[in-house]
Amino acid sequence: MRIIGDIKTIGLSPCWDTVCRLRGIDWGDHKRVDSTTVRPAGKAMNISWALAWIGRRHTAAGLWGGEDIRQAERALRALRQWVRLALTEAPGATRRNVTVVDTLNRREMHLRNVSELATGASLKRLGMHLRTMVRRADACVFAGMMPDQLLAADVDRVIQTCRAKGAAVAVDTSGPALQRIVDGGGLWLIKPNVAELCELVGQDLADRAAPLAKAAAGLLENVEVVLVTRGAGGAVLVTRDGVWQGRVVGRRKAAYTVGCGDYFLAGFLDAVAAGKTPAEALAPALAAGTARAWSLAETTTWQQAYQAIATRITPISGR
């Protein structure tokens, strides 16, 4: 069983998320916004928010724009009990994204800008920073969009820095970057959804546990743990020790569709850091992701949400 020390979330393309909520909106409308929130985000930072909600002390690392890094530090001050900030300053400003939430019709619109923080120089600086802070048995979680393909070698060197220090490397990204990083091997964990797994293995897979598990098993030469998320269908866990499927018992209309995977991964990381096996960690992972989907992460504690969400985990025989 893998022992994890500190969890370090590492974002290479962070952002500010501005979320506007209002009751009903359509093209051409002029509407008053009911509420607006602005917070540091991107997948890596979202995992940090989720870990803080769960109550897991950890480190938030990665790039952040020098023009607004102090603003980010102030925004995260409320989480200082759980989050150690170790951001690497990069020239420029962090991108700003906008999410519009129509609470009346239960739908969302997401507007994403391109991140320009990652350069050869800023990634080199990040690698030097990680070399001083990463310790053996840490879990280094690279999550979110990856920089342009022209910077692939620079990104790979940053990941190799963590591996060379003896850290367990987890990757939650997509597209050619995920394929390249997986092909490089030596990873502890990846968390593709069904579409991303299909792209990784070059197959059109049915969204059923058995074919997903069989396809994911082909990645175990390069990855120790493959977590395949299936939305409302739950998740499939594939390791060298066995295969499991899990899902939440009971249904409720989802309030959120974005960020559930980040909470899912945070629940899994917290459970493994607490000494659970990957199979044992699947239930809290599903509970955390579902708590985000059902908006319980905003209205209850992690303990309350975990007790309120029933899960069913079953082994899959054969691969």
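This is a predicted model: local features need pLDDT of at least 70, side-chain atom pairs count only at pLDDT 80 or more; totals for chains, interfaces and linings use all residues.
Helix α3, spanning residues 120–133, packs against helix α4, spanning residues 152–164, at an angle of about 0° and with the two axes 9 Å apart. This angle makes α3 roughly parallel to α4. On the α3 side the contact is made by Gly120, Leu123, Leu126, Gly127, Leu130 and Arg131, and on the α4 side by Asp154, Val155, Val158, Thr161 and Cys162. By class, the residues of the contact divide into six nonpolar, three polar and two charged. An α-helix has 3.6 residues a turn, so residues three or four places apart point the same way.

Four aromatic pairs are present in the structure. In one of them, Trp16 and Trp64 are arranged edge-to-face, with 5.7 Å from centre to centre and 80° between the planes. Trp16 belongs to strand β2 (residues 15–22) and Trp64 to strand β4 (residues 58–65), so that the pair links distant parts of the chain, 48 residues apart. Trp16 counts as buried because its relative accessibility is 1%. Trp64 is likewise buried, with a relative accessible area of 0%.

Trp53 and Trp302 form a further pair, with ring centres 5.5 Å apart and planes at 70°, and the pair is therefore edge-to-face. Because Trp53 lies in helix α1 (residues 43–54) and Trp302 in helix α11 (residues 302–308), the pair ties together parts that are 249 residues apart in sequence. Both residues are buried: the relative accessible area is 18% for Trp53 and 8% for Trp302. Trp53 and Trp302 also belong to a cluster linked by ring pairs, together with Tyr263 and Tyr306.

Arginine side chains are placed over aromatic rings at two sites. Arg39 lies over the face of Trp49, at 4.2 Å from the ring centre. Arg292 lies over the face of Tyr256, where the distance from the ring centre is 4.1 Å.

In helix α7 (residues 209–217), the buried residues are Ala209, Leu212, Ala213, Ala215, Ala216 and Ala217. The elements covering these buried residues include α6 (194–201) and the strands β11 (223–229), β12 (235–239) and β13 (242–249). Arg230 is located in the loop between β11 and β12, and with a relative accessibility of 16% it counts as buried. Between Arg230 and Arg70, which are 160 residues apart in sequence, the C-alpha to C-alpha distance is 37 Å.

Gly24 occupies the loop between β2 and β3 (35–41). At a relative accessibility of 9%, Gly24 counts as buried. Its contacts, leaving aside neighbours within four places in sequence, are Lys31, Asp102, Leu104 and Asn105. For Asp102, which is 78 residues away along the chain, the C-alpha separation from Gly24 is 5.3 Å.

Asp262 is part of helix α8 (residues 260–273) and counts as buried at 2% relative accessibility. Residues up to four places away in sequence not counted, Asp262 touches Lys43, Asn46, Ile47, Ala50 and Asp172. The C-alpha atoms of Asp262 and Pro192 are separated by 12 Å, the two residues being 70 residues apart along the chain.

Backbone torsions were also examined. Most residues other than glycine have a negative phi. Arg106, which is not a glycine, has a positive phi of about 50°. Arg106 is placed in the loop between β6 (95–102) and β7 (107–111). Ser295, also a residue other than glycine, has a positive phi near 65°. Ser295 is found in the loop between α9 (278–293) and α10 (296–299).

Key. Residues are numbered from 1 along each chain as its sequence is written. Side-chain values use heavy atoms; hydrogens and water are left out. Axes are lines fitted to C-alpha atoms, for helices over the stretch in contact, and angles run from 0 to 180 degrees between N-to-C directions. Helices (H or I, at least four residues) and strands (E, at least two) are DSSP runs, numbered from the N terminus. Angles under 35 degrees count as roughly parallel, over 145 as roughly antiparallel, 65 to 115 as roughly perpendicular and the rest as oblique. Contact means heavy atoms within 4.5 Å. Ala, Val, Leu, Ile, Met, Phe, Trp, Tyr, Cys and Pro count as nonpolar, Asp, Glu, Lys and Arg as charged, and the others, Gly among them, as polar. Rings of Phe, Tyr and Trp (its six-membered ring) pair if their centres lie within 6.5 Å; planes under 30 degrees apart count as stacked, over 60 as edge-to-face and the rest as tilted. Buried means under 20% relative accessible area, exposed over 50%, partly exposed in between (1.4 Å probe, protein chains only). A charge sits over a ring if NZ of Lys or CZ of Arg is within 6 Å of the ring centre and within 35 degrees of the ring normal.
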